[in-house]
Amino acid sequence: MSCLGTATPALALVLLAVTVARVGAQGAALEDPDYYGQEIWSQEPYYARPEPEPETFSPPLPAGPAEEWEPRPQEPRPPKRATKPKKAPKREKSAPEPPPPGCPPLGLETLKITDFQLHASTAKRYGLGAHRGRLNIQAGINENDFYDGAWCAGRNDLQQWIEVDARRLTRFTGVITQGRNSLWLSDWVTSYKVMVSNDSHMWVTVKNGSGDMIFEGNSEKEIPVLNELPVPMVARYIRINPQSWFDNGSICMRMEILGCPLPDPNNYYHRRNEMTTTDDLDFKHHNYKEMRQLMKVVNEMCPNITRIYNIGKSHQGLKLYAVEISDHPGEHEVGEPEFHYIAGAHGNEVLGRELLLLLVQFLCQEYLARNARIVHLVEETRIHILPSLNPDGYEKAYEGGSELGGWSLGRWTHDGIDINNNFPDLNTLLWEAEDRQNVPRKVPNHYIAIPEWFLSENATVAAETRAVIAWMEKIPFVLGGNLQGGELVVAYPYDLVRSPWKTQEHTPTPDDHVFRWLAYSYASTHRLMTDARRRVCHTEEFQKEEGTVNGASWHTVAGSLNDFSYLHTNCFELSIYVGCDKYPHESQLPEEWENNRESLIVFMEQVHRGIKGLVRDSHGKGIPNAIISVEGVNHDIRTANDGDYWRLLNPGEYVVTAKAEGFTASTKNCMVGYDMGATRCDFTLSKTNMARIREIMEKFGKQPVSLPARRLKLRGRKRRQRG
């Protein structure tokens, strides 16, 4: 392997002077505002006070025609977190320092860097090849030949390396490394060298003075470690050369490269892979205070269609804020369905949180611009958006930063509870009753009651979970989506397997066809979910079901929000995994917004699919808690307080029955068409004879005669007479 270090000192000095002069303008041209695509939606300046840029170094370009670079004034760097300098809260003093401002990740974790751009000297086997050396990649349960948790060299010696081809000149500024993701093995690199090249033949090693610089690697396998280059290096290729590794392990690593691609409008690969957006939104990560301020700004811009409220508090006392978007905020309108989005149940899954904050801004702006589609959606739907269900966990992940938080920092609540599976297990209650043939006499197929033990103060239930349950019991939601991260798929219930000895088993609900359609409506309009050419995030291939999956057939979860919502309320809930990277860099947010924007809107529109109507008595008064049954579907729903209902159904003809205590049941044929918009299907119920008698007797202060009780009284009187 040849490298520049073998050249004579005089030649090296000449080359250094030439290349620094040539690429100084390249580094300066990097900080193009268009590259970040960021302008604060609240009209605050994104960039902070300019900081002096370190001198960049580039290895010599291979022989060929020289490129002309026009120098231009250096743009200032973005700030670390906020647009204005602020003192960090006291609780952040002991937190790890977030990575300094500078170049974003190239995209190993987000899959922007393809498998073809990753190369290695050797590999232990295919499942441990260079394509698996991505930051935070997760191994399969079996850690088999195809889906293992790192790149691992075929030999343990100093000649091993893994490299990235950026496919264009890039200003490399840092390297982040992890060890191997494994339940059984301990493999990580403890030190390494960094080399760069323009042609993958001549390599320049990053120096520390006169000698090669040795970077300190990992001390365990999961916590990411950032090393910044002492001087940014401009090149096309970057190579990591391990120098030492854990004594009882092997050369294995996962990594991310920090670098700023230099502008190159003639590069086809660049044009094909760069994504821009025309939406003028606040593309940044928001901490709790900034999120609250953003909500306030939206409310001030659109006061007639927005309302800010909270559904409760977190374990540490942070309010769980929600934004309501409706033409009559603050009130339930008869006949208008209620929809919700939730994000941040896992505090470190940040992309969903930011997507919902972007959605709130977008709906406000488009409504003011009189976008017909958005106006119709807002005026015909009551939308609730809860961007951060676990703000305690998010604040912890935010302190670590988007690249250094790892896979789990901030996932759980402050008291260590996973909200995603903290809801009562109603599936088992239903299935045990069905096995005993107690349905529907003792256990209904819907509105299953929460067990008493779950409601006790001593139960291991998060404050956030209790808040969501109370919220869902108060508002008659019809459809909801909870946004999660780390994968790219839409999961629908049931999430719990019916066979207790299995960990994976397809377990459909009675509304399986409806759930499949709802899941597909999001996945099919996402830019990547149904793309058969895309690389799997970690180990799972979801293309066989077009980017959707039954939760239980993926991995069983007891007490999920999806199952609870379906069995305890009228709401059809799905889990939407919006990206492989749980916590993408700010520079990725415009692209992720473009990936998900249409899907977020289309999924909301599905709340208007199926049938809707009113269930009233003969006087025209709405009947609350009337049961709506669909023939052939063993799952009922109930009317809201005003007697209105919404029943999600796929196109077709259905036999629908409405019944309520004290009323005679009514049955109708209801047709659902393919056009968007629920079919109106109203019911008028007449009181039963016994109900009428009871009403008359109560009106005059008397109770209706109970015939069985009267017979017993007469028998007792006859016995006494005989005696």
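Reader: Why is D212 called partly exposed?

Author: In this predicted model, D212 has a relative accessible area of 33%. Partly exposed covers the range between the buried limit, under 20%, and the exposed limit, over 50%, so D212 belongs in the middle class.

Reader: What makes the contact of D212 and K207 a salt bridge?

Author: The side chains of D212 and K207 meet at 2.7 Å, N to O. The cut-off is within 4 Å, so the pair qualifies. As for K207, its relative accessible area is 38%, and therefore K207 is partly exposed.

Reader: Thanks! How do you know that R134 is buried?

Author: R134 has a relative accessible area of 2%. Buried means under 20%, so R134 is buried.

Reader: And which residue does R134 meet in a salt bridge?

Author: The partner is D115, with 2.7 Å from N to O. This pair links distant parts of the chain: D115 sits in the loop between α2 (33-36) and β1 (118-120), while R134 sits in the loop between β1 and β2 (151-152), 19 residues apart. D115 is partly exposed because its relative accessible area of 27% falls between the two limits.

Reader: What makes R597 and E594 a salt bridge, and where do they lie?

Author: Their closest N and O atoms are 3.3 Å apart, and the limit is within 4 Å, so the contact counts. Both residues lie in helix α14 (residues 589-605), 3 residues apart, about one turn of the helix. Elsewhere, salt bridges that share partners join R125, D148, R180 and D187 into one network.

Reader: How many salt bridges does a search of the whole structure find?

Author: The search finds 32 salt bridges.

Reader: Which residues make the nonpolar surface patch?

Author: L183, W184 and L185 make a nonpolar patch of about 390 Å². A patch residue needs over 30% relative accessible area, and W184, at 65%, therefore passes that cut-off.

Methods
Residues are numbered from 1 along each chain as its sequence is written. This is a predicted model: local features need pLDDT of at least 70, side-chain atom pairs count only at pLDDT 80 or more; totals for chains, interfaces and linings use all residues. Side-chain values use heavy atoms; hydrogens and water are left out. Patches are made of residues with over 30% relative accessible area and no salt bridge: like charges are joined within 9 Å, nonpolar side chains (Val, Leu, Ile, Met, Phe, Trp, Tyr) within 5 Å. Accessible areas come from the Shrake-Rupley method with a 1.4 Å probe; for residues, only the protein chains shown count as cover. Buried means under 20% relative accessible area, exposed over 50%, partly exposed in between (1.4 Å probe, protein chains only). Helices (H or I, at least four residues) and strands (E, at least two) are DSSP runs, numbered from the N terminus.
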